[in-house]
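Student: I have a structure open and would like to go through parts of it. Can we start?

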Amino acid sequence: MATLIERFEADYLRQYQNAVLPSHRQALEAMKRCRSSSGLHMLAQCSGCDEQRFVPHSCGHRNCPHCQHFESQQWIERQTRLLVPGNYFLITFTLPAELRPLAWQHQRIVYAKLMQCAWETLRSFSLNHKHLAGSPGAVAVLHTHSRRLEFHPHVHLAMPAAALDADQGLWRSLPSAKAKGYLFNHKALAKVFRGKLLAALREEGLTLPTDCPEKWVVDCKGVGSGAKVLVYLGRYLYRGVIAERDIVSCENGQVTYRWRDSKTKKMAQRTVSGATFLWLVLQHVLPKGFRRARNYGFLHANSKRLVALLKLLVFKLAPTRPATPTPRPPWLCTCCGAAMVIVRRRILPTELDDPGAVRQPELAF
């Protein structure tokens, strides 16, 4: 990715100068210097011998395909610990194409309302359901891209077929949901979601398009215990919208990338100019500080004690000790195999040219 940015950055900025946002420029600059010799370095020292190495810093940007693999795994582990026994469903709320220009112009508002209204729709259906009649829980992740990397805002919610009646202290679930693979009617979900989101956007003072469609798309399908869908949702949470292995080639100013077609289940390819490829990737950079993943209902972070009580009283699961997060993999010395320790960070490239400018401390192990 850094090589493509260096090669096509000028063309990208010239061709899309009227659409490039400050967040896009920040992502561009971060990924260009990620683990490169022109960026900041850190000094690592072996804990077993005198070996010392200068290593380029990673950028840590959440759209960089190089970075935050460990953070992605940590998120999956945290969400997995919150899973409750039962049948899970993946409900996807998609923003119609007619509203996408509005979403692009007011990203922070539209994205937030998209996630909020999707949750409120599911909550209202759960409260009004004759068997559930309670508040559900859900894990929501916002995606703004299609498999082809086109602008396609939608939100996924992983939700168990169960609800909590806090007033009566009752837990209700749908055991038949596994056999039928059915939770809520998708057409009814789409109608309610449409009304909630349009009303919310009007309250924000946004002007809605005149050609807003009557029929919207909501998909609801069973996903078993929910563990696999969390891995799917965490795939693009911290690592950008495309893996570098899916960038097939770069020749004659053209970039070819691939994706798996959702209908045929086969790999498809597309070739675009270098500037267009950078645009396809960078248009999905979210506004600064916007949280792509959110927990709702009894799966919210404030409900950890409630979930633990449910597992004890309802599911008859004995309380366990708090799970120890998986530690970050150690960085081993190539000489002796001992762990390397970072002793200094953010070293400028100009300091590397002057051996006396970088202080190399002696550590006692």
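Student: Which strands does helix H1 lie across?

Tutor: This is a predicted model. In it, helix H1, residues 2–15, lies across S9 and S10. The helix runs at about 40 degrees to S9.

Student: And which helix packs on the sheet, touching S9, S10 and S11?

Tutor: That is helix H9, made of residues 274–282. The direction of H9 makes about 120 degrees with that of S11.

Student: Back to the sheet. What is the order of the strands?

Tutor: The order is S9-S10-S11, in an open sheet of three strands with antiparallel pairing. Strand S9 (247–251) and strand S11 (267–273) are the edge strands, and each pairs on one side only. From one strand to the next, the twist averages 20 degrees.

Student: What do strands of a sheet pair through?

Tutor: Backbone hydrogen bonds, and the pairing is either parallel or antiparallel.

Student: How many bridges join S10 to S11?

Tutor: Seven. S10 covers residues 254–260, and the two strands run antiparallel.

Student: Which residue in S11 does Tyr257 stand opposite?

Tutor: Arg270.

Student: New topic: the surface. Which residues make the nonpolar patch?

Tutor: Leu306, Leu309 and Leu312 make a nonpolar surface patch of about 230 Å².

Student: Where does Leu309 lie?

Tutor: In helix H10, which spans residues 304–313.

Student: Why is Leu309 called partly exposed?

Tutor: Because its relative accessible area is 44%, and partly exposed covers what falls between buried, under 20%, and exposed, over 50%.

Methods
Residues numbered from 1 in each chain as written. Predicted model: local features only at pLDDT ≥ 70, side-chain atom pairs only at ≥ 80, totals over all residues. Heavy atoms only, no water. Patch = residues over 30% accessible without salt bridge, like charges linked within 9 Å, V, L, I, M, F, W, Y side chains within 5 Å. Areas by Shrake-Rupley, 256 points an atom, 1.4 Å probe, with all protein chains shown as cover. Salt bridge = Lys/Arg side-chain N within 4 Å of Asp/Glu carboxyl O. Helix = DSSP H or I, 4+ residues; strand = E, 2+ residues; numbered from the N terminus. Buried < 20%, exposed > 50% of the residue type's maximum accessible area, 1.4 Å probe, protein only. Pairing = 2+ DSSP bridges. Axes fitted to C-alpha atoms, helices over the stretch in contact; angles between N-to-C directions. Contact = heavy atoms within 4.5 Å.
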